[in-house]
Amino acid sequence: MTKQDASPARTEVIAAIYDIHGNLPALDAVLTEIQNSSVDRIIVGGDVVPGPMPRETLHRLLQCEIPIDFIHGNGEVAVLQQLSGQRPTAIPEQVWPLIEWTANQLEPEDHNVLRVWPKTLAVATKSLGKILFCHATPQSETEIFTRLSSDDRLRAILSGVDADIVVCGHTHMQFDRRVDNVRVINAGSVGMPFGKPGAYWLLLGSDVRLRCTDYDREKAAAKIRACDYPQAEQFADTNILNPPSEEQMLEVFSKSAA
């Protein structure tokens with residue numbers, strides 16, 4: 001065995017990107033940073049759609065040169081229900097027109113892509129152990145918990161989970177906390193963050209790094225406003241330029257969870 005052969009293998013680097021919500025400019029900025037970060041694999045944690053540029057966003061991901069895996073979020077579940085003629089009752093009624101619009105933007109081959117995404121994905125790593133990727137919780141795409149949720153609530157959510165790390169999204173706010181022997185990490189949102197503006201995501205390698213990528217938000221807002229998305233102006237203003245604060249959303253989510 002040569003000295004070169006004896007050197008340890010490089011740790012696999014995984015990028016986790018969640019809750020893109022059709023924000024193509026934010027996704028492009030994150031993918032550029034990912035390509036410059038020696039990432040071996042991308043895992044998309046659901047809610048690629050709905051959003052203002054759903055077809056373009058999905059196709060951008062499918063054309064990515066880095067190996068990529070998907071799991072579905074409540075957004076994809078709602079769109080698939082719409083496509084099958086069902087009402088997406090797991091989301092508020094006021095969002096139904098956005099789901100219908102999104103479903104109409106997607107092409108038949110896109111429908112088939114969404115249908116095969118799994119609910120969760122487990123990945124074994126040398127450095128961090130077994131990582132379970134889910135959208136909201138391992139059991140649900142809609143269940144809500146935040147960094148303020150009690151340890152007892154998280155113990156109930158994680159009951160029966162065989163993983164060292166659980167990576168989630170859904171509430172669009174990053175956190176990194178531990179409950180007993182399980183580390184729970186929220187990757188944040190690429191396209192609809194709560195708190196400081198930017199595109200939030202997660203890098204997993206020899207350690208865990210919460211990332212936020214800045215991008216030209218004024219230019220992105222103008223691009224979104226030019227779309228025929230039913231709430232293009234609102235999306236540009238409140239999801240790109242001036243997102244709600246974490247304090248506001250933590251209060252909203254605490255009421256929803258209750």
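Analyst: Axes are lines fitted to C-alpha atoms, for helices over the stretch in contact, and angles run from 0 to 180 degrees between N-to-C directions. Helices (H or I, at least four residues) and strands (E, at least two) are DSSP runs, numbered from the N terminus. This is a predicted model, in which local features need pLDDT of at least 70 and side-chain atom pairs count only at pLDDT 80 or more, whereas totals for chains, interfaces and linings use all residues. Residues are numbered from 1 along each chain as its sequence is written, and side-chain values use heavy atoms, with hydrogens and water left out.

User: At roughly what angle do the axes of helix α4 and helix α5 cross?

Analyst: Helix α4 spans residues 74-83 and helix α5 residues 96-105, and their axes come within 9 Å. Angles under 35 degrees count as roughly parallel, over 145 as roughly antiparallel, 65 to 115 as roughly perpendicular and the rest as oblique. The arrangement of α4 to α5 is therefore roughly perpendicular, with the axes crossing at roughly 75 degrees.

User: Which residues of α4 and α5 make the contact?

Analyst: Contact means heavy atoms within 4.5 Å. On α4 the contact is made by A78, V79, Q82 and L83, and on α5 by I99, E100, T102 and A103.

User: Is T171 buried or exposed?

Analyst: T171 is located in the loop between β6 (165-168) and β7 (175-179). Buried means under 20% relative accessible area, exposed over 50%, and partly exposed in between (1.4 Å probe, protein chains only). With neighbours within four places in sequence left aside, T171 is in contact with I144, F145, N186, F194 and F253. Its relative accessibility is 1%, so T171 counts as buried.

User: What is the geometry of the pair formed by the rings of W101 and Y229?

Analyst: Rings of Phe, Tyr and Trp (its six-membered ring) pair if their centres lie within 6.5 Å; planes under 30 degrees apart count as stacked, over 60 as edge-to-face and the rest as tilted. A search of the whole structure finds five aromatic pairs. In the pair of W101 and Y229, the ring centres are 5.1 Å apart and the planes lie at 70 degrees, so the geometry is edge-to-face.

User: How many residues apart in sequence are the parts that W101 and Y229 tie together?

Analyst: W101 and Y229 are both buried. W101 lies in helix α5 and Y229 in the loop between α8 (217-225) and α9 (232-241), so the parts tied together are apart in sequence by 128 residues.
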